[in-house]
Amino acid sequence: MADSDRTLGYLTRRDTEVKLPRPTRVKNKTPAPIQITAEQILREARERQEAEIRPPKQKITDHTELGDYRLRKRKEFEDLIRRVRWNVSVWVKYAQWEESQKDFNRARSVWERALEVDYRNHTLWLKYVDMEMKNKFINHARNVWDRAVSLLPRVDQLWYKYIHMEEKLGNVAGARQVFERWMSWMPDQQGWLSYIKFELRYNEVERERGIYERFVQCHPKVSAWIKYAKFEMKNGEVARARHVYERAVEKFADDDEAEMLFVAFAEFEERCKESERARCIYKFALDHIPKGRAEDLYRKFVAFEKQYGDREGIEDAIVGKRRFQYEDEVRKNPSNYDSWFDYIRLEESVGNKGRVREVYERAIANVPPAEEKRYWQRYIYLWINYALYEELDAEDMERTRDVYRECLKLIPHQKFSFAKIWLLASQFEIRQMNLTGARQILGNAIGKAPKDKIFKKYIEIELQLGNIDRCRKLYEKYLEWSPENCYAWSKYAELEISLGETDRARAIFELAIAQPALDMPELLWKAYIDFEISEGEFQRTRELYERLLDRTKHLKVWISYAKFEATAADALNSDLLEDQLQSHLLEQKRECIQYARRVFERAINYFRTSAPELKEERAMLLEEWLNMESSFGELGDVGIVQPKLPKKLKKRRPILAEDGPAGYEEYIDYLFPEETQSTNFKILEAAYKWKKQKLATDDD
């Protein structure tokens, strides 16, 4: 009987197996002509569903049948309990069934057995007591409650239910006794407050006061003391409430929750119309509580002053609050210059010069620890603001001069400097009509820490004053300090050009382009070429272009050179219109166009022979040439350029990454006419070689 199973009786597993039909293969997968919806399938399944099989209702007619029924049910419950003894719901159903049979002794027995299994489950206790109370067994219910709260004193629900039952029965003394038993276990605040509300319902004020005294001793927290004081206030005992607050302040003056206590105390005095007392409490609190934890207190104090104080008091409260915040911030981090700026702005808004100067002096005393410019960039604005305040607001010019002088002494000019300080100091002296002092400051700046801004501003000042010789000396100093600065060379030459000194300007340009290193040489060459063109020196301009091409063969240089040759005809035209004949002018223009074409030819030859890889530049050059020929009108010849234009080809190339190829990208390639011919020659050469090899094999 290997296949036998005790649960199957005399049957075997093979007899009880359900044989499912073999799934058929669907040969025709085309949709059926009549489609069936899911709703129709569900409706048909519900219509064909058989009725649920329920056991027949049994009618008990005599005591014998009742006894058999009870015996059978008890046996079922007992068997079930033996199997799942730990399942509480089985015990509850068993006990409730016994209760429904009005056999309360058996029901109690079941409840007691259940409690032996799991007495920590407070739900069992509640249902047990509920049975006793429902059937008005009051003493039994009291006994169960006593046992429950003795075994589970930390379950508040048991205490609440017990007290509720006693209060419903009108046994106030019994309920009070239960509360006392509960309070001996020192429950949480809600338990104490429930006891207080209980006494409040019966107007036992003295008892409430006694409970509050025990409450604040059991839970020494600010919230408990505030509730106690509010209770006294509610009963009209102002003196007692004030005494409670005073006792709380003695205990919690340095506590983390002291802010809440002081706010409540001040609001209490405010309600009692004692505004001076409230103000004293606020000030005492602000002096003792750290500023970081007194935000709400400050807000309440400001609101209080707005309501009860005068204008000065309100402003002092607001400013005092913010001043305390800034003092706390700068004390924690003296190098936080943003906090100093905010603090100074606050004091400036008040208008007390003494305090403003004091804060400025304290702020500038916090010199950055390291001599690195990035640490000084915010700090230096303290000095700038200080000087501007003394000049504009305080109108003390001597102090302003002293501020600038001390600031310039403090900066380590050997490592770094600030041009803005030198310039502000010199501009201040100019505003005071002290040109000598301004020149001395700027001269010291050039000697100690020369910078572009200082040179530019100094030259601008001297130029406005008309001191040309000083400007020339400054430009010489500027170029000695920074010979690679193309801006300085250009501006120096512009100065000479504006003065009509053409030879000096040309000499300056020659010196400039002769420098071994320049930061922006293209701007300098452009300025030099534009200068010669403006002077009408076309031969010099051509020589300049040739010298530039010796240095660089950049595309823009070729295009600029060709455009110059093309526009030279216009210049000649403007000069010769009144004196020469029209035919002579056309001849001159043709010559200029020929010059431009020669430049383009040279450029094309260079890109074809010396830089064949620069195909895109060569194509751009041809496009520019074609546009120029089109702009010449009848004198132009587009046919010269068109045969040289390349074909655009779209190609792909691999994208190379560190770990290998990473895909392909498209790019535009250019195929020029000579490359096409060479490609054809290669194809013919390969065909000739193949034919030669074939003839050789045939001879063999």
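Reply: The protein chain has 34 helices and 2 strands, where helices (H or I, at least four residues) and strands (E, at least two) are DSSP runs numbered from the N terminus. This is a predicted model, in which local features need pLDDT of at least 70 and side-chain atom pairs count only at pLDDT 80 or more, while totals for chains, interfaces and linings use all residues. Residues are numbered from 1 along each chain as its sequence is written, and side-chain values use heavy atoms, with hydrogens and water left out.

Of the 700 residues in the protein chain, 35% are buried; buried means under 20% relative accessible area, exposed over 50%, and partly exposed in between, with a 1.4 Å probe and protein chains only. Side chains of opposite charge can pair when their charged atoms come close. Counting a salt bridge as a side-chain nitrogen of Lys or Arg within 4 Å of a carboxyl oxygen of Asp or Glu, the model has 44 salt bridges.

The part to examine is Glu 391, which lies in helix α21 (residues 380–393) and is buried, with a relative accessible area of 8%. Glu 391 forms a salt bridge with Arg 431, and the closest N and O atoms are 2.9 Å apart. Because Glu 391 belongs to helix α21 and Arg 431 to helix α23 (residues 419–431), this pair ties together parts that are 40 residues apart in sequence. Arg 431, at 44% relative accessibility, counts as partly exposed. Leaving aside neighbours within four places in sequence, Glu 391 is in contact (heavy atoms within 4.5 Å) with Met 397, Thr 400, Phe 428, Arg 431 and Gln 432.

Another salt bridge, between the side chains of Asp 503 and Arg 506, has an N to O distance of 3.7 Å. Asp 503 and Arg 506 are 3 residues apart in helix α28 (residues 502–513), and are therefore separated by about one helical turn. Here Asp 503 is exposed, with a relative accessible area of 60%, whereas Arg 506 is buried at 13%. Elsewhere, salt bridges that share partners join Arg 74, Glu 98, Asp 103 and Arg 106 into one network.
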